[in-house]
Amino acid sequence: MPEELTNDRLGMVFTTTDLTGPDLISQPLGVEHLFVNLDHFLPQANQTAVSFKDLAGLSFVVLDDIGAWKDVIGKEIEDAHFMYQDERDAMDEIARYSSFPYFTTNVTAADPSYHPVPANNRVERSIKGPKAELTIYVTVKRQRQNQVQPLVDRLKAAWAKLPTTPTTGETNVLK
């Protein structure tokens with residue numbers, strides 16, 4: 001990815017790693033918080049927040065293309081079964097008509113293509129712990145920093161308005 005910035009194929013990239021170096025500058029854009037949407041009847045749904053350990057052994061429906069979160073949930077939730085879905089429509093249908101837990105983040109609702117899935121007896125809960133948060137960085141070529149900084153500032157301002165805790169009564173499938 002850094003090579004695409006340095007050879008001007010890309011103007012900026014978003015990563016979970018600070019790529020600052022001689023030719024690149026990374027700035028933290030904000031923190032993405034992982035949430036889990038649980039059936040009301042699961043004991044974990046009675047907690048205000050859950051840990052990855054609390055989710056051990058459960059089966060989840062998960063959109064396949066969730067970036068760094070795929071590695072996080074795979075490593076942190078022991079004995080879990082993940083039913084990965086390639087298609088957004090399939091994910092929405094399963095989430096709508098099943099009681100399988102699924103993941104969302106504070107960024108999900110800001111996606112303009114986001115369409116809420118009906119609550120379906122689910123509660124959205126925060127996941128506790130540092131691994132349930134990812135700092136997102138925007139990285140640009142040093143020579144372009146002044147050119148893109150106004151856009152970066154607008155992105156940071158928008159990110160600052162995102163919730164850091166689950167939204168009450170809504171469920172959002174992670175994109």
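Analyst: One term to start with: a residue counts as buried when its relative accessible area is under 20%, and as exposed when that area is over 50%. Also, this is a predicted model.
User: OK. Is Phe82 buried or exposed, and why?
Analyst: Phe82 has 16% relative accessibility, so the residue counts as buried. Tyr84 is partly exposed, with a relative accessible area of 30%.
User: How do the rings of Phe82 and Tyr84 sit?
Analyst: Their centres are 5.9 Å apart and the planes are at 35 degrees, so the pair is tilted.
User: How many aromatic pairs does the count come to?
Analyst: Three. One of them is Phe60 with Phe103: the ring centres are 4.9 Å apart and the planes at 20 degrees, so this pair is stacked.
User: Where are Phe60 and Phe103 in the chain?
Analyst: Phe60 is in strand 4 (residues 59-63) and Phe103 in strand 6 (residues 102-105), so the pair links parts of the chain 43 residues apart. Phe60 is buried at 0% relative accessibility, and Phe103 is buried at 2%. Phe60, Phe82, Tyr84 and Phe103 form one aromatic cluster.
User: Switching topic: what volume does the largest pocket have?
Analyst: About 460 Å³. The lining has 21 residues, and Glu32, Thr105, Val107, Ile136 and Trp159 lie nearest the centre.
User: Which element gives the largest share of that lining?
Analyst: Helix 4, with three residues.
User: And how do the lining residues divide by type?
Analyst: Into 14 nonpolar, four polar and three charged.

Terms used
Residues are numbered from 1 along each chain as its sequence is written. This is a predicted model: local features need pLDDT of at least 70, side-chain atom pairs count only at pLDDT 80 or more; totals for chains, interfaces and linings use all residues. Side-chain values use heavy atoms; hydrogens and water are left out. On a 1 Å grid over the protein atoms alone, a cavity is a set of points where a 1.4 Å probe fits but cannot get out, and a pocket is an open set with protein on both sides within 12 Å along at least five of seven lines; lining residues have an atom within 4 Å of a point. Grid points are joined across faces, edges and corners, and a volume is the space filled by probe spheres set on the points. Helices (H or I, at least four residues) and strands (E, at least two) are DSSP runs, numbered from the N terminus. Ala, Val, Leu, Ile, Met, Phe, Trp, Tyr, Cys and Pro count as nonpolar, Asp, Glu, Lys and Arg as charged, and the others, Gly among them, as polar. Rings of Phe, Tyr and Trp (its six-membered ring) pair if their centres lie within 6.5 Å; planes under 30 degrees apart count as stacked, over 60 as edge-to-face and the rest as tilted. Buried means under 20% relative accessible area, exposed over 50%, partly exposed in between (1.4 Å probe, protein chains only).
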